[in-house]
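Hi,

Here is the structure I promised to pass on.

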Amino acid sequence: ARELHDGIAQTLGYVITQTQSALKWLHDGKDEKAGPLLERLVQVTQDTHISVRESILNLKTDKDQEGSFIQALKGHVDRFEAYYGIRTELLLYDGIDETTFDPGTGTQLLGAIQEGLTNAGKHSGARNLQISSKLNKDTAHFSITDDGHGFDVGRLKPGVDGHFGLGFMQQRMAQVGGTVEISSEPGAGTMLTLAVPLRKH
């Protein structure tokens, strides 16, 4: 619900207000103002359509989560690869199984991985992507690495310029005591690392 509100719902609210402005300008005969705005609205609406399709993809994966974290992750990776055409490799550490995480932690981790993949699919321009994992004492680390064009991490602000995904990942990890780290440089690809606590036996 939070993601739909902060992403798609806010965008549709923008479309409504800007369409009303365009209609007023057309009514007043100010075509030179209305034309560029309508062109911008077409692009925003197309982007929102893509976001809706991605939300449907993630909701399907959430349904899979009822059975198995690993099964859901593998299914989402397969769908991501087919949807974006990015060659994606999943490397699961031998010690990771269905008892590794609490159910809530697994759900939030899967959601954060989905966000990371969506960001890579939309913005990275990558041809290859790898998801790797490892265990370190009481923590599991999942890294998403791509060979895309990269970016200046210092200029990335959550919620600005369409980068809602970073904020969502941070919120998800905070709920389960995890962390998010991003390493990237222009022309050198990007690595996103998610760390979450292991289940206490």
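Phe101 and Phe142 are both buried, where buried means under 20% relative accessible area, exposed over 50%, and partly exposed in between (1.4 Å probe, protein chains only). Their ring centres are 6.2 Å apart with the planes at 50°, so this is a tilted pair. To spell out the rule, rings of Phe, Tyr and Trp (its six-membered ring) pair if their centres lie within 6.5 Å; planes under 30 degrees apart count as stacked, over 60 as edge-to-face and the rest as tilted. Together with Phe69, Phe101 and Phe142 form one aromatic cluster.

Before going further, please keep in mind that this is a predicted model: local features need pLDDT of at least 70, side-chain atom pairs count only at pLDDT 80 or more, and totals for chains, interfaces and linings use all residues. Residues are numbered from 1 along each chain as its sequence is written, and side-chain values use heavy atoms, with hydrogens and water left out.

Back to the rings. The count comes to five aromatic pairs. One of these is formed by Tyr83 and Tyr84, an edge-to-face pair with 4.8 Å from centre to centre and 75° between the planes. Tyr83 is partly exposed at 31% relative accessible area, and Tyr84 is partly exposed as well, at 21%.

Now the overall layout. The protein has five helices and five strands, in the order α-α-α-β-α-β-β-α-β-β along the sequence. Helices (H or I, at least four residues) and strands (E, at least two) are DSSP runs, numbered from the N terminus. Of the 201 residues, 39% count as buried. As for contacts (heavy atoms within 4.5 Å), 66% of those between residues at least 6 apart in sequence join residues at least 24 apart.

Which residues meet in salt bridges? The structure holds two such bridges, each defined as a side-chain nitrogen of Lys or Arg within 4 Å of a carboxyl oxygen of Asp or Glu. Asp102 pairs with Arg199, and their closest N and O atoms are 3.2 Å apart. Asp102 lies in the loop between strand 1 (87–91) and helix 4, while Arg199 is in the segment after strand 5, so the bridge ties together parts that are 97 residues apart in sequence. Asp102 is partly exposed, with a relative accessible area of 36%, and Arg199 is partly exposed at 26%. The other bridge joins the side chains of Asp28 and Lys24 at 3.0 Å, N to O. Here Asp28 is partly exposed at 38%, whereas Lys24 counts as exposed at 53%.

Ala22 is another residue to look at. It belongs to helix 1 (residues 2–27) and is buried, with a relative accessible area of 1%. Beyond its neighbours within four places in sequence, Ala22 is in contact with Ala34, Leu37 and Leu38. Ala22 and Gly35, 13 residues apart in sequence, have their C-alpha atoms 7.9 Å apart.

Lys137 is one to check by eye. It has a positive phi of about 60° although it is not a glycine. Lys137 lies in the loop between strand 2 (128–136) and strand 3, and it is exposed, with a relative accessible area of 80%.

Last, the second largest pocket, with a volume of about 320 Å³. Of the 17 residues that line this pocket, Asn119, Ala120, His123, Phe151 and Thr190 are the closest to its centre. Helix 4 (103–124), strand 3 (139–146), helix 5 (164–175) and strand 5 (190–197) each give two or more residues to the lining, and helix 4 gives the most, with five. By class, the lining has eight nonpolar, eight polar and one charged residues; Ala, Val, Leu, Ile, Met, Phe, Trp, Tyr, Cys and Pro count as nonpolar, Asp, Glu, Lys and Arg as charged, and the others, Gly among them, as polar. A pocket here is an open set of points on a 1 Å grid over the protein atoms alone, where a 1.4 Å probe fits, with protein on both sides within 12 Å along at least five of seven lines; lining residues have an atom within 4 Å of a point. Grid points are joined across faces, edges and corners, and the volume is the space filled by probe spheres set on the points.

Best wishes
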